[in-house]
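Biologist: Before we look at the details, could you take me through this structure feature by feature, with the general idea ahead of the particular case?

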Amino acid sequence: MYYLQGHTMENIAHHLGISRSSISRLLAHARETGLVRISVAAAPGTRGTLAGQISEIFGVRTSVVPVREVDTEVNRLHNVALVAAERLVELMEPGATLGVAWGNTTSEVTRNLPRVHFPGSTVVQLNGAVNAAKSGLPYADSIMSQAAQAFGSRTVQFPVPAFFDYPDTRDAMWRERSIRSVLDTIDRADVALFGVGSLTGTLPSHVYSSGYLDPQEIAEAQADGVVGDVCTVLIREDGTTDLPLNKRASGPTPETLQKIPRRLLVVSGTGKALPLLGALRAKVATDLVLDDAAARALMDLVRQRAHHAKAQQARSRIAK
């Protein structure tokens with residue numbers, strides 16, 4: 001009556017003989033349980049918009065979320081997560097395997113997922129969460145559980161460190177049948193959900209604020225051009241990942257991610273613009289949801305780098 005027939009809550013209350021407040025509660029319950037889902041289709045003719053520019057340059061399906069400038073970073077993330085949660089539901093289907101990387105962004109997305117049952121679906125953890133300071137397992141498990149409960153999925157956890165102490169240890173673990181089984185599930189994933197971690201930013205990325213890397217390791221990574229990470233795999237601005245630390249990382253490489261058909265990257269805040277640029281250059285995403293401030297910061301970086309490259313080419317021609 002409300003969504004399809006266009007009746008007001010007052011008319012429905014009168015017709016059913018219950019209070020308006022009861023109608024309001026029932027409508028809210030329908031949204032929360034997934035009985036009713038509201039989606040917004042992409043507007044036609046996005047050429048020239050921020051979303052259109054990003055899509056054209058990087059070849060990703062982009063949604064830019066308008067957020068008020070006065071909002072806090074927490075509210076900004078929440079608004080982006082609401083849109084990303086709906087996008088993720090669009091990408092899922094019965095029997096699908098969803099790979100989820102832990103982090104502040106994916107935690108907020110999974111917390112806002114509507115309850116939509118996908119029979120036979122699986123949620124697999126993309127990267128290990130254990131570190132030397134604390135286990136990290138409850139944090140990652142809560143993210144996995146939120147997604148699994150929303151979709152009615154079984155879960156496959158990845159009980160290994162985010163970063164091993166030695167590359168040889170990781171290589172040995174990768175040969176274990178129990179770990180090989182998780183890696184095989186990741187290889188068969190149909191959809192992936194992840195964010196980008198930033199070395200700087202108003203909301204510190206969990207990788208750099210919770211003891212996964214010590215200060216010396218972070219300093220060495222920065223000296224090597226690292227701007228952030230994707231699924232705890234460190235990444236440079238140009239999208240390259242050939243770093244010593246990554247030989248100890250448990251997360252999927254960009255090459256592994258690229259095998260997953262649909263890959264949803266969610267970003268909030270201007271502090272993520274630089275690692276976002278690296279992630280897009282690494283071609284890790286097919287779908288992108290970000291706020292308008294992050295989108296503008298990303299495009300500013302693109303223009304700055306293009307101007308710098310042209311200036312360098314001009315100087316080279318003059319020198320010749």
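**Reading aromatic pairs, a sheet and the cores**

Modeller: Let us begin with the aromatic residues, where Trp 102, Tyr 139 and Tyr 212 form one aromatic cluster. Please keep in mind throughout that this is a predicted model.

Biologist: How many aromatic pairs does a search of the whole structure find, and how should I read such a pair?

Modeller: A pair of aromatic rings is described by the distance of the centres and the angle of the planes. The search of the whole structure finds six aromatic pairs. One of them joins Tyr 2 and Tyr 3, whose ring centres are 5.0 Å apart and whose planes stand at 85 degrees, an edge-to-face arrangement. Tyr 2 is partly exposed, with a relative accessible area of 33%, and Tyr 3 is likewise partly exposed, at 37%.

Biologist: And what arrangement do Phe 158 and Trp 174 form?

Modeller: Phe 158 and Trp 174 form a tilted pair, with 5.7 Å from centre to centre and 35 degrees between the planes. This pair links distant parts of the chain, since Phe 158 is in the loop between strand S4 (154-156) and helix H7 (167-174), while Trp 174 is in helix H7, 16 residues apart.

Biologist: Are Phe 158 and Trp 174 buried or exposed?

Modeller: Buried means under 20% relative accessible area. Phe 158, at 0%, therefore counts as buried, and Trp 174, at 18%, also falls under that cut-off and so counts as buried.

Biologist: Turning to the sheet, in what order do the three strands stand?

Modeller: Strands of a sheet pair through backbone hydrogen bonds, either parallel or antiparallel. Here the three strands form an open sheet in the order S6-S7-S8, and the pairing is antiparallel. Strand S6 (197-198) and S8 are at the edges, each having a single partner strand, so one side of each is left without a neighbour in the sheet. Strand S7 (residues 226-230) pairs with S8 over four bridges in the antiparallel sense, and Gly 228 is found opposite Ile 235 in S8.

Biologist: Which helix lies across S6, S7 and S8?

Modeller: Helix H12 (residues 273-281) lies across these three strands, and its direction makes an angle of about 65 degrees with S7.

Biologist: What is particular about the backbone of Cys 231 and Thr 232?

Modeller: Cys 231 has a positive phi of about 55 degrees although it is not a glycine, and Thr 232, also a residue other than glycine, has a positive phi near 65 degrees. Cys 231 is buried at 4% relative accessibility, and Thr 232 is buried at 1%.

Biologist: Finally, which residues touch the most other members of the largest nonpolar core?

Modeller: That core has 46 residues, and Leu 98 and Phe 151 touch the most other members. Several elements each supply at least two of its residues, including helix H4 (73-91), strand S2 (97-100), helix H6 (137-151), strand S8 (233-236) and strand S9 (262-267). Leaving aside residues up to four places away in sequence, Phe 151 touches a set of residues that includes Leu 88, Val 89, Met 92, Leu 98, Leu 113 and Phe 118. Apart from this core lies another, of 43 residues, among them Ile 54, Val 230, Ala 295 and Leu 298.

Definitions and conventions:
Residues are numbered from 1 along each chain as its sequence is written. This is a predicted model: local features need pLDDT of at least 70, side-chain atom pairs count only at pLDDT 80 or more; totals for chains, interfaces and linings use all residues. Side-chain values use heavy atoms; hydrogens and water are left out. A nonpolar core is a set of buried Ala, Val, Leu, Ile, Met, Phe, Trp, Tyr and Cys residues joined through side-chain atoms within 4.5 Å. Buried means under 20% relative accessible area, exposed over 50%, partly exposed in between (1.4 Å probe, protein chains only). Contact means heavy atoms within 4.5 Å. Two strands pair if DSSP finds at least two bridges between them. Axes are lines fitted to C-alpha atoms, for helices over the stretch in contact, and angles run from 0 to 180 degrees between N-to-C directions. Rings of Phe, Tyr and Trp (its six-membered ring) pair if their centres lie within 6.5 Å; planes under 30 degrees apart count as stacked, over 60 as edge-to-face and the rest as tilted.
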